[in-house]
Amino acid sequence: MTLSSPLLLVVGLLVTAALARAAIVSARRRTAALAAAGVAVPGGRRAYLGIGLTISGVAVLAIATAGPAAMVPVPRTAGTVILAIDVSNSMGADDVAPTRLAAAQRAARAFVAAQPDSVDIGVVAFERGALTAARPDADHSIALKAIDRLKITGSTSLGTAILASLSAITGKPVAIGRDGTAPDIGYWPSATIVMFSDGQNRGADVEQAGVEQAAAVAQRAGVHIHTVGVGTTAGATVQVDGYHLQTSLEEDTLTLIAQTTGGAYRPASDAARLDGIADTIDLRLTVSDEPLPLAGGLIGLALALLAAGAALTVLRSGRVI
């Protein structure tokens, strides 16, 4: 239990002690006077029950004025969320209207709007490389502005996207060593990455190995990655540098990333399903100790004791004290 004003408690208890001493001295004098007059003391100890209740009420009221509060564990959604959004050329496909990127931006904005202030949100834009468009911040308007600025460019590297997201979470560069050594970035159980992508991962086996290594780093750090597949398996054609390229949703890699890190993969083959993504991604609850004020309950108890003490005293002697 904590107290906001310990000094008031000390003063209140001193006043209570003084009242208790005065009541005891008064009772002894009264008993002695009655005994000297040859009058039996009525009621014994029960005669002073009303005074005892009154003094107890004053003591409880003294505790209440000190502002006591109990620390209780409260579960809440908190932590850090990185929205990793694919901005590669294939995200310009229109198999999800109006384009994959525009639909992903709309879904990301809805996700941000659904989060409480206790969640810090950052944005990473990725293609062949990756850029932290907005560092994690409790001011969600920063993330929304970063989402609005995203533009189509380059090819895709999902492994780079994961490492850049981990860098945004830890606040320091995260990279796989030249010899394939995976870095130890510590443990971040309250951090989550939500990746929007069509799963197109250029570079074949080399890139796939990079994705698996990056996902393993996230898994060891306790960071869940939820992946959202944007596009359709039928696909669409996009024009890149004068060439027409066929692109379609590739779910295998996105599923692998989610399963490796303890997250979930959600396909979103149309705009309607994307708009509902915010309601389907559950962030982990954290438990924090928060103060629960006790003054109100103690004041109620003090008033009850004071009222009971006054009533008993009136019934016994016809006086309040």
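Student: What should I know before reading the numbers?

Tutor: The model is predicted, so local features need pLDDT of at least 70 and side-chain atom pairs count only at pLDDT 80 or more, while totals for chains, interfaces and linings use all residues. Residues are numbered from 1 along each chain as its sequence is written, and side-chain values use heavy atoms, with hydrogens and water left out.

Student: Why is Val10 called partly exposed?

Tutor: Buried means under 20% relative accessible area, exposed over 50%, and partly exposed in between (1.4 Å probe, protein chains only). Val10 has a relative accessible area of 46%, so partly exposed is the label. Val10 sits in helix α1 (residues 6–36); helices are DSSP runs of H or I, at least four residues, and strands are runs of E, at least two, numbered from the N terminus.

Student: What makes Leu7, Val10, Val11, Leu14, Val15 and Leu19 a patch?

Tutor: Patch residues need over 30% relative accessible area and no salt bridge (a Lys or Arg side-chain nitrogen within 4 Å of an Asp or Glu carboxyl oxygen). Nonpolar side chains (Val, Leu, Ile, Met, Phe, Trp, Tyr) are joined within 5 Å, like charges within 9 Å. Val10, at 46%, is over 30%, so the area cut-off is met there. Together the six expose about 560 Å² (Shrake-Rupley method, 1.4 Å probe; for residues, only the protein chains shown count as cover).

Student: How do you know that the buried residues of α7 line one face?

Tutor: In α7 (residues 251–261), Thr253, Leu254, Ile257, Ala258 and Thr261 are buried. Seen down the helix axis, they fall within an arc of 135°, so they line one face; the arc is taken from the directions from the axis to the C-beta atoms. Asp252 and Gln259, on the other side, are exposed. After α7 comes Gly262, with a positive phi near 85°.

Student: What makes a set of residues a nonpolar core?

Tutor: Its members are buried Ala, Val, Leu, Ile, Met, Phe, Trp, Tyr and Cys residues joined through side-chain atoms within 4.5 Å. The largest has 30 residues, and Ile162, Leu166, Ile193, Met195 and Val223 have the most contacts inside it. Its largest share, 8 residues, comes from α5. A second, separate core of 28 residues includes Leu83 and Val123.

Student: Which residues does Met195 contact beyond its neighbours within four places in sequence?

Tutor: Contact means heavy atoms within 4.5 Å. Among the partners of Met195 are Phe126, Ile162, His226, Leu254 and Ile257.
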